[in-house]
Amino acid sequence: MAGVQSAVALREAGFTGPVTLIGAEPHQPYDRPPLSKAVLLGKAEDSAFDVDFEALDITLRLGLDVTALRAADHVLDTADGPVRYDALILATGAEPLTLPGTEGVPGVHLLRTLDDAARLRPVLDRRHDVVVVGAGWIGAEFATAARAAGCAVTVVEAAARPLAGTLPAEVAAPMAAWYAGSGAELLTGARVERVEEGAVILADGRTLPAGAVVVGIGARPATGWLAGSGIALGPDGSVTADSALRTSLPDVYAVGDCASFPSARYGTRLLVHHWDNALQGPRTAAAAIMAAASGAPLPVYDPVPYFWSEQFGRFVQYAGHHADTDTLLWRGDGTDATWSVCWLRDGGLAAVLAVGRPRDLAQGRRLIESGAALDPEKVADPAVPLKSTAL
């Protein structure tokens, strides 16, 4: 998404020079969200972007690994030789974390690429017993697809609850019941000791039969290839871009999952591993490239982060950033089919999580953007539209 949108955004911004899009995968550029849904369940063969690269005069170089960046020469080193650039946008995304000790073990899978989804489709077709390691967003989405395919599913989570690194305990707690409701077994506080062919052995001695093991324990910016390039990376491995998505190297920009950026709205640096960030950021990078050429003012990238997840028959949406907030307000009961949670900071809305309440999300996102002060009593009343809670 980030690479394709960068190329398209340059053309939309009026850039007329050569544009080359390099990708390590051999496939036509594709969208990732369908991989855990339609593609995985065999309802679609792929999810290629509907972009006419030829009409936009965008050169695709697919199946090409980039191995190094030589900034002083304005050159990328690739398996096919050096590639010069005048401006470079890094959109290398993130790579999933692997479970230590599982390298080379048959039947262990990740779900990040089209090839990953293709390898997993026969697993679902054959209705294998599946063990999912990690009860995060991707673990829940894969468990949903596996249950829809008729597989027996056990989800193993080392923390005491799903989404432990993402949401507060009281917000994530109702989500634990979603697993059982779908027929999946959720084991929390369960650490994996080792994985063998056909089985997952937990630290407490339990053995789980596993025709397949799917690992969903997080991802890290795919920036290892930048070692020695001189580009500044954060402790999380992200390229530390500025508010115009420029990196520490001249004429080099970074977008999407591989880049963090400073947010004036939230007073911190954000690393957002979600689709909407990969869609929005490239427009700022393209505008910054055009501004550098024309002397126009630089754009500022400070979005309200947004993502969604479809799991266990529920549509979950989130907007904002809830760290360092001072008030948490429920709109509805977490045991109900639909509910929302709002986080306030200094009287204004900082973040909203909506389960089956898309209006709360849409109105909440606008309230975050406006910075309006809200009436907490009205916010806590699910019958009051969020847009009517502004003071």
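In the predicted model, 2 cavities of 30 Å³ or more are present. The largest cavity holds about 40 Å³ of space. Its lining is formed by Leu-245, Ala-254, Val-255, Gly-256, Ala-259, Ser-260, Phe-261, Asn-277, Gly-281 and Tyr-301. Strand 19 contributes the largest share of this lining, with 3 residues, and at least two residues each are supplied by strand 19 and helix 5.

Helix 5, which takes part in the lining of the largest cavity, comprises 20 residues, numbered 275-294. The distance from its first C-alpha to its last is 30 Å, close to the 28 Å expected at 1.5 Å a residue. The buried residues of helix 5 are Asp-276, Asn-277, Ala-278, Leu-279, Gly-281, Pro-282, Thr-284, Ala-285, Ala-286, Ala-288, Ile-289 and Ala-291. Asn-277 and Gly-281 also belong to the lining of the largest cavity. The buried residues of helix 5 pack against two helices, helix 1 (2-12) and helix 6 (358-370), and against strand 6 (88-90), strand 18 (252-254), strand 19 (259-263) and strand 21 (306-311). Just after helix 5, a positive phi of about 85 degrees is found at Gly-295.

Strand 21, one of the elements against which helix 5 packs, is joined to strand 22 by 6 bridges, and the two strands run antiparallel. Within this pairing, Glu-310 has Phe-315 of strand 22 as its bridge partner. The two strands form a hairpin with 2 residues between them, and Phe-312 in the turn has a positive phi of about 50 degrees. Of the 7 residues of strand 22 (residues 314-320), 5 are buried, so strand 22 is largely enclosed by the rest of the structure. Strand 22 also runs antiparallel to strand 25, to which it is joined by 5 bridges. In this second pairing, Gly-320 stands opposite Ala-351 of strand 25.

Another hairpin is formed by strand 3 and strand 4, with 4 residues between them. Strand 3 (residues 66-70) and strand 4 (residues 75-78) run antiparallel and are joined by 4 bridges. Leu-69 stands opposite Leu-76 in strand 4, and His-74 in the turn has a positive phi of about 55 degrees.

An open sheet of 5 strands shows parallel pairing and the strand order 8-15-9-10-11. Its edges are strand 8 (108-109) and strand 11 (185-188), each of which pairs on one side only. Strand 10 (residues 153-157) pairs with strand 11 in the parallel sense over 4 bridges, and Val-156 stands opposite Leu-187 in strand 11. Helix 3 (residues 137-148) packs on the sheet, where it touches strand 9 (130-133), strand 10 and strand 15 (212-215). The direction of helix 3 makes about 170 degrees with that of strand 10. In a regular strand, side chains alternate between the two faces of the sheet.

Gly-107 lies in the loop between strand 7 (94-96) and strand 8. With a relative accessible area of 27%, Gly-107 is partly exposed. Apart from residues up to four places away in sequence, Gly-107 touches Ala-212 and Val-213. Between Gly-107 and Ser-388 there are 281 residues in sequence and 52 Å in space, C-alpha to C-alpha.

Thr-223 counts as buried because its relative accessibility is 4%, below the 20% limit for a buried residue. Beyond its neighbours within four places in sequence, Thr-223 is in contact with Leu-233, Gly-237, Val-239 and Cys-258.

In helix 4 (residues 169-182), the buried residues include Val-171, Ala-172, Pro-174, Met-175, Trp-178 and Tyr-179. Helix 4 is followed by Gly-183, which has a positive phi near 90 degrees.

Note on methods
Residues numbered from 1 in each chain as written. Predicted model: local features only at pLDDT ≥ 70, side-chain atom pairs only at ≥ 80, totals over all residues. Heavy atoms only, no water. Expected span 1.5 Å × (residues − 1). Buried < 20%, exposed > 50% of the residue type's maximum accessible area, 1.4 Å probe, protein only. Contact = heavy atoms within 4.5 Å. Pairing = 2+ DSSP bridges. Axes fitted to C-alpha atoms, helices over the stretch in contact; angles between N-to-C directions. 1 Å grid on protein atoms, 1.4 Å probe; cavity = no way out; pocket = protein on both sides within 12 Å on 5 of 7 lines; lining within 4 Å. Points joined across faces, edges and corners; volume = space filled by probe spheres on them.
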